[in-house]
Amino acid sequence: MDFLGKSFSYRQGSLYCGNTRLSDVADEVGTPCYLYSATDIVSRFNAYAAGLEGQRHRICYAVKANSNLAVLGLLARAGAGFDIVSGGELFRVLKAGGSASAVVFSGVGKTADEIDYALREGIHSFNCESEAELALIDAKAARLGKRAAVALRVNPDVNAATHPYISTGLREHKFGIPISQVEDVYERAKSLRNIDPAGVSCHIGSQLLETAPLLEALDALLVLVDQLSSRGIAVRHLDVGGGLGVPYKADQKSPCPTEYAGCVRERVAGRDLEIMLEPGRSIVAEAGVLLSRVLYRKQTGGKEFVIVDAAMNDMLRPALYSAHHEIIPLRQKGFGTIHADVVGPVCETGDFLAREREIANVFPGDLVAICTAGAYGFVSASNYNARPRPAEVLVENDGWRVTRERETYEDLIRGESL
Ligand SMILES: *Cc1c(COP(=O)(O)O)cnc(C)c1O
């Protein structure tokens, strides 16, 4: 079960995370409910760190993958930095006990207020995506009497060969500054009084199951670092972005973070550079499941449907990307499989969690785990169909606790008026 972290296993016919039986959590907290393994999250983070041992580095967890406060707190204590894409994510990192000085701010559309907030808090650096943004950061920094450390996000024109919605490193994508133009933008950055051109960065896409495109991008960045150096611009850090994929399917193989980080270390050996990585998905995906209960079985139009209490508002990935998540019963079933669509209660045909899938022969009342749900799961949950967002639970040491309560109907109307 590579699609689940190492803490998950069946014991006496029931699915456990560590010593926690998942059906006990579902019975107590209700469903749908996200559950994460602290051990799995920290060990994946450590796997990256192990590959970079001996090299000056900073692993900035990409907050957008899972921004639960307890998850951020765990990673802060494990020594992570953070990659943010909004002011709200900076607020979460600080609330979780993360240090602003370990935060890099990415994204194509940073607002003036967000830049201001990040400068006031004293973040490590901005990953800047355009000349216009550079000018705005300079102006905001001038007003605060600060010098802003900036890495230009380079678009290396490398094909990440992943889902088109999450591939970001081709020339025609909205991200980064084309590598052919970036030296001129560095010259401009150098001329701005309140900008410190401290680094170079890139991020070519997500869910990459091969590391070759990531290493190709790294090589392009290293050439750039040398060219900048010959122009008198000595960058101090190199940020390779995130993007390592995870096995969503039973037979999928995914790159090992330690091996990948080791390849990065070999390529940069001997250089006086702080190496930064921004992994998101590969830290948290396998560490999480979405627990759900079967409501009904229904046969219609020659098809079999399993209707569960989790829906596209709780977990958007299948509807948005046709993403595949394995769905397994919390109590092992001894009596065969069925061929079915697993769907939620939302009034959309696109509201499915699995299509034409061979799954256990589950019946109303049975509990299931939607696997590999720790990344881009809860963070994409919405209140569509006026459905309260699910609870989140963290399994840590020998116990578990609710780290975010299930929303109530009152939560649904907070801030509204007639
Ligand atoms: C989304 C994102 C990441 C994380 O990507 P993963 O595929 O989850 O590792 C890292 N950096 C930037 C700039 C991103 O936008």
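1. G87 touches F105, E114 and Y117, leaving out residues up to four places away in sequence; contact here means heavy atoms within 4.5 Å. G87 sits in helix α4 (residues 87-95). Helices (H or I, at least four residues) and strands (E, at least two) are DSSP runs, numbered from the N terminus. G87 counts as buried, because its relative accessibility is 8%. The cut-offs are: buried under 20% relative accessible area, exposed over 50%, partly exposed in between (1.4 Å probe, protein chains only).

2. A word on the model. It is a predicted one, in which local features need pLDDT of at least 70 and side-chain atom pairs count only at pLDDT 80 or more, while totals for chains, interfaces and linings use all residues. Residues are numbered from 1 along each chain as its sequence is written, and side-chain values use heavy atoms, with hydrogens and water left out.

3. Look next at helix α3 (residues 69-77). Seven of its nine residues are buried, so α3 is largely enclosed by the rest of the structure. The buried residues are A70, V71, L72, G73, L74, L75 and A76. After α3 comes G79, with a positive phi near 100 degrees.

4. Now the helix pairs. Two packed helices are described by the angle between their axes and the distance between the axes. Axes are lines fitted to C-alpha atoms, for helices over the stretch in contact, and angles run from 0 to 180 degrees between N-to-C directions. Helix α2 (residues 38-51) and helix α9 (residues 257-268) have axes that come within 7 Å and cross at roughly 30 degrees. α2 and α9 are therefore roughly parallel to each other. Angles under 35 degrees count as roughly parallel, over 145 as roughly antiparallel, 65 to 115 as roughly perpendicular and the rest as oblique.

5. Which residues in α2 and α9 meet? From α2 come R44, A47, Y48, A50 and G51; from α9 come P257, T258, Y260, A261, G262 and R265. In this contact there are six nonpolar, three polar and two charged residues. Ala, Val, Leu, Ile, Met, Phe, Trp, Tyr, Cys and Pro count as nonpolar, Asp, Glu, Lys and Arg as charged, and the others, Gly among them, as polar.

6. Helix α7 (residues 182-191) and helix α8 (residues 212-230) form another pair. Their axes come within 11 Å and cross at roughly 45 degrees. That makes α7 oblique to α8. V182, E183 and Y186 in α7 meet L224, Q227 and L228 in α8. This contact splits into four nonpolar residues, one polar and one charged.

7. Two arginines in strands deserve a look. R153 lies in strand β9 (residues 148-155). Its relative accessibility is 7%, so R153 counts as buried. The R153 side chain reaches the backbone oxygen of H203 at 2.9 Å. Beyond four places in sequence, R153 touches C128, E129, T168, F175, G176, I177, S201, C202 and H203.

8. R355 belongs to strand β18 (residues 352-360). R355 counts as partly exposed, because its relative accessibility is 42%. Neighbours within four places aside, R355 is in contact with A340, D341 and T349. A polar atom of the R355 side chain lies 3.5 Å from the backbone oxygen of T349. A340 is 15 residues from R355 in sequence and 6.8 Å away in space, C-alpha to C-alpha.

9. Last, the backbone in the loops. A cis peptide bond joins T31 and P32, with omega about -5 degrees. P32 is in the loop between α1 (22-29) and β4 (33-37).

10. S322 is not a glycine, but its phi is positive, near 55 degrees. S322 sits in the loop between α11 (317-321) and β16 (327-329). Is S322 buried or exposed? S322 is exposed, with a relative accessible area of 58%.

11. Y376, not a glycine either, has a positive phi of about 55 degrees. Y376 is in the loop between β19 (367-370) and β20 (391-396). At 16% relative accessibility, Y376 counts as buried.

Note on methods:
Polar contact = N/O pair within 3.5 Å; in protein donor to acceptor, adjacent residues only side chain to side chain.
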